[in-house]
Amino acid sequence: MTWENDVGLARAHGRLQLGATVMTGGRKSGVRRRIGMSWQRCVDGGLTPDRACVAFNQDADLECKLLDTAAPVIDRLAGRLSGARVSIVIADAYAQVLRRWVCDTGLDQRFDAARLVPGFVFLERLVGTNSIGTTLVDRRPCFIAGREHFSVVSDIPESLACAGAPIRHPLSGRVEGVLNLVGLCADADPAMVKVVQQAAAAIEQRMVEQTSRRERELLAAFYRGDRLPPEGAGSGGPTWGEDPAALPGSTGAGRLDRADQALLRQRAAELIASPQQVAIEVPLSGGRTAALLRREITDVSGQVGVVVEAAVIDIDHPASAVRASSRTPSPRVLDQPGSLRSGIRCSVGQGAAGEAEVGASAGRVSTGPPHVAPPGSGDHLVDQPTALPWPLLVGEAGVGQMALQARRRLELLYDTTVRVGTTLDVVRTAEELAEAVVPRFADFAAVDLAEPVFLGDEPTTDPDIPLRRAALGQRQGGLGLYQVGETVTFAAATPQSRSLRTGTAAFEPELRQAKGWIDHDVQRTHMILESGIHSLITVPLLARGVVLGVVSFYRAEEAPAFEDDDLALAEELVGRAAVCIDNARRYVRERTMALALQRSLLPRGLPRQDAVEAAHRYLPAQAGVSGDWFDVIRLSGGRVALVVGDVVGHGVHAAATMGRLRTAVQNSSALDLPPEDLLAHLDDLVAQLDEDGDQILGATCLYAVYDPVSRRCSFTRAGHPPPAVVAPDGTVRFPEVPAGPPLGLGGLPFETVDIEVPEDSHIVLFTDGLIESRHRPIDAGLDLLRETLTAAKPHLCSPEEICETVVAGMLSDGPRDDVALLVARTRALDGKRTAHWDVPADPTEVSRARAAVLDKLEEWGLSDQSFVTELIVSELVTNAIRYGGGPIGLRLIRDDVLICEVWDGSSTSPRLRRARTTDEGGRGLFLVAQLASRWGTRYTADGKVIWTEQQLA
């Protein structure tokens, strides 16, 4: 047969690429059954012939034990094949090439092109059908030549013929690797399989030599007792390391997966450690059942050991298939040990007449016809050929019992490590510890923590500090034990107190003899003993040198008393849990500190002003503190600034950055900068902080200025959600304010939108935590906010009530992120509270301006402010006429303070200076600053405004 040009294989490959099913096993198909099954696995796994690829593992361990064991055998084989047009390759159990021996250097480049180089991985699910990966999947030798390779990415595989054989460990039966013989397709010979099989057997024999003498003697005794040769000579005889995944006598459907193999090994270990059991049935996947037989064997030195044999059996009733549907069901103890072998036929050796039935005694063999279980005898095995039994595990009963207990302790330790510490909540972590150990380790488990731990603080070194029960795990009963939440006190003589004082575990195997424990509370301890509790271990919760509390483990009723090994396990369990509890405590402390910092940086109260009636809410996130903030800033001219912002990130750093930005906004607002200029300055600040190493991930801000005189509001935003404006009639709209880039990016200017806001409207500012979540996009959140504000009937509610309604409607499940909400109801200053005059640029107009102001103050009933106001007006108007330019105007505003404003067309700002004694001028602005409570300058598009404020009694 010409492997590389076979027409049937080529056609089959073509059908595969078209998605058709390939028929196998017949002459017309041209595809061998095993090859076709491998192809089908590749197709089912989503692999196509034109997309197969060989992966390379850069971290490959090329100095493994398998290579050390196999190298002498392969060196001898390579010497015998010297000059042959072949190459020998060994791969590990993960299909990773470990080393290549080249017998003909002329083919070196050919094999390099085929990626037969250490580090490359030939898993069947990645590369397709190949001698390494397919051997690992089938777990038996295979021969693949030419177009039988799945991949058609290049013509290299099509020109090669490969034979592979698995290398199994003689005791565990695990496949440790694959020995592969590769040659040219023109030299293909199926006899290559025999060569690699013999070499693999020699490698396995070296593995036997590397096992302990005790293990070899036990296996040899087992084979002598069964009259079966170790090398498996003869039909059906077991071999060293019989692979439990490929059941003797079974088809591919009868193979065991890894879960079944692990289950069998686990049950075998339990059977070795259980002298009272001889045989058990273990339900497997796919409706199958395996039988395990425990037999004692004696080696040549007279030492007694145990071997567990395994075989797949057929169950006479369908209920077993139902039981087998569970992955880890409980094994069933067979009624009669002899029934295991009654349904199993095995050949004694080549040419032997009849069958041999192996009894349950220590290695005795009796010959005769197979036993058939009579109806109703309890034997459920039918007399039909089944899989040949193979040695699954050898060991010694005492050692096996200790090993089983050790394995169970390790399992508990692993499960506890996984289950404890899933949250950063102190109480929940304590509960997880109690849930993990009850009932597998103790019948009751109590976790008592020092009171400061619940608050995130470190407890004092005083061992008499009050404790509070954080968790209590219990099966049932437990009368007299403190319940969760109760304050716990322990006398000095109790094991718990000793653990707290010394920082070491205490052990009371018999509580009825623990006088110190009984005497500390006779009534309570009597109730505990009457409920069946009889043994106690106490372990301090010690983390980073600090005792956080104590854990008490109790056993009751039929459970055995605690032993020294239990004490060591308890210390390990509590030690790991203590670290988790301490992590939770430290998290509580850090979060409390971050919250305190953030709340100290947020406004503690809103400033007094008459422009708006404001209310606010700040809700910290469940995950931690972030950088959301808000502010209400009083501006000149009776105006008010409304601000919300958000710093990306969580923790103290985000809170500190938020405080710096809020301070910057307040300072910039004091300069009366236009909103777009203020955000530009803030943008520069964030960029500078980032350059200085503060690593600010991003920040957003919305800045609004409302003027109650003009009833207009200016909005500017930097990457922040838009504001909501609720009209007096309840209509909700989101003004189209250009978003602008987030702070710190720079490069683009910010734009301001000025809109009219009627009196009694509501301006709603918020951060994205209010409207956005993982399950709700921003658009949906804005729609929900619109519905919530409409349903709130804001014209009938105060801002405080609106805040409550919005929080309840938008955050019913609690905030996932920090939320800042600011609601402001607008007010208006009508003409009766303002006065405006145009002043000609003539010095004689100063006296007229003073007279007009005095008349208005008389009208408002503010005659007590006449002297100061007259002086301020005189100075400001004189300066505007002398140093400024037209037009000049004067305005008085009666708010909670008396505001005086004078504007002119000049952009030059007056400066306050200290006049010398010889100077004739320069004292007027100084007097203004002394008489007014506040004064300043703000710039407009037409010039500037000098303003003052005077406190009203």
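**Aromatic contacts, a buried leucine and cavities**

Colleague: Is phenylalanine 553 buried or exposed?

Modeller: In this predicted model, phenylalanine 553 has a relative accessible area of 0%. The cut-off for burial is under 20%, so phenylalanine 553 is classed as buried.

Colleague: How many aromatic pairs does a search of the whole structure find, and what is the geometry of the pair formed by phenylalanine 441 and phenylalanine 553?

Modeller: The search returns 3 aromatic pairs. For phenylalanine 441 and phenylalanine 553, the ring centres are 5.3 Å apart and the planes meet at 85°. Planes over 60 degrees apart count as edge-to-face, so this pair is edge-to-face.

Colleague: Which parts of the chain does this pair tie together, and how many residues apart are they in sequence?

Modeller: Phenylalanine 441 belongs to the loop between helix H13 (426-437) and strand S15 (444-450). Phenylalanine 553 belongs to strand S20 (residues 546-556), so the parts tied together have a sequence separation of 112 residues.

Colleague: What is the geometry of the pair between phenylalanine 441 and phenylalanine 562?

Modeller: Their rings lie 5.5 Å centre to centre, with 40° between the planes, and the pair is tilted. It links distant parts of the chain, 121 residues apart, with phenylalanine 562 in the loop between S20 and helix H18 (564-601). Both phenylalanine 441 and phenylalanine 562 are buried. The geometry of the pair is thus tilted.

Colleague: Which residue lies over the face of phenylalanine 441?

Modeller: Phenylalanine 441 forms one aromatic cluster with Phe553 and Phe562. At 5.4 Å from the ring centre of phenylalanine 441, the residue over its face is arginine 555.

Colleague: Is leucine 661 buried or exposed, and which residues does it touch beyond four places in sequence?

Modeller: Leucine 661 is part of helix H19 (residues 652-670). Its relative accessibility is 1%, so it counts as buried. Its C-alpha atom is separated by 8.2 Å from that of leucine 685, 24 residues apart along the chain. Not counting residues up to four places away in sequence, leucine 661 touches Trp629, Val647, Leu682, Leu685, Val686 and Ala699.

Colleague: What is the volume of the largest cavity, and which helix gives the largest share of its lining?

Modeller: The structure holds 5 cavities of 30 Å³ or more, and the largest has a volume of about 80 Å³. By class, its lining has 6 nonpolar, 4 polar and 2 charged residues, including Trp517, His520 and Arg524. The largest share of that lining, 3 residues, comes from helix H17 (residues 522-530).

Terms used
Residues are numbered from 1 along each chain as its sequence is written. This is a predicted model: local features need pLDDT of at least 70, side-chain atom pairs count only at pLDDT 80 or more; totals for chains, interfaces and linings use all residues. Side-chain values use heavy atoms; hydrogens and water are left out. Helices (H or I, at least four residues) and strands (E, at least two) are DSSP runs, numbered from the N terminus. Buried means under 20% relative accessible area, exposed over 50%, partly exposed in between (1.4 Å probe, protein chains only). Contact means heavy atoms within 4.5 Å. Rings of Phe, Tyr and Trp (its six-membered ring) pair if their centres lie within 6.5 Å; planes under 30 degrees apart count as stacked, over 60 as edge-to-face and the rest as tilted. A charge sits over a ring if NZ of Lys or CZ of Arg is within 6 Å of the ring centre and within 35 degrees of the ring normal. On a 1 Å grid over the protein atoms alone, a cavity is a set of points where a 1.4 Å probe fits but cannot get out, and a pocket is an open set with protein on both sides within 12 Å along at least five of seven lines; lining residues have an atom within 4 Å of a point. Grid points are joined across faces, edges and corners, and a volume is the space filled by probe spheres set on the points. Ala, Val, Leu, Ile, Met, Phe, Trp, Tyr, Cys and Pro count as nonpolar, Asp, Glu, Lys and Arg as charged, and the others, Gly among them, as polar.
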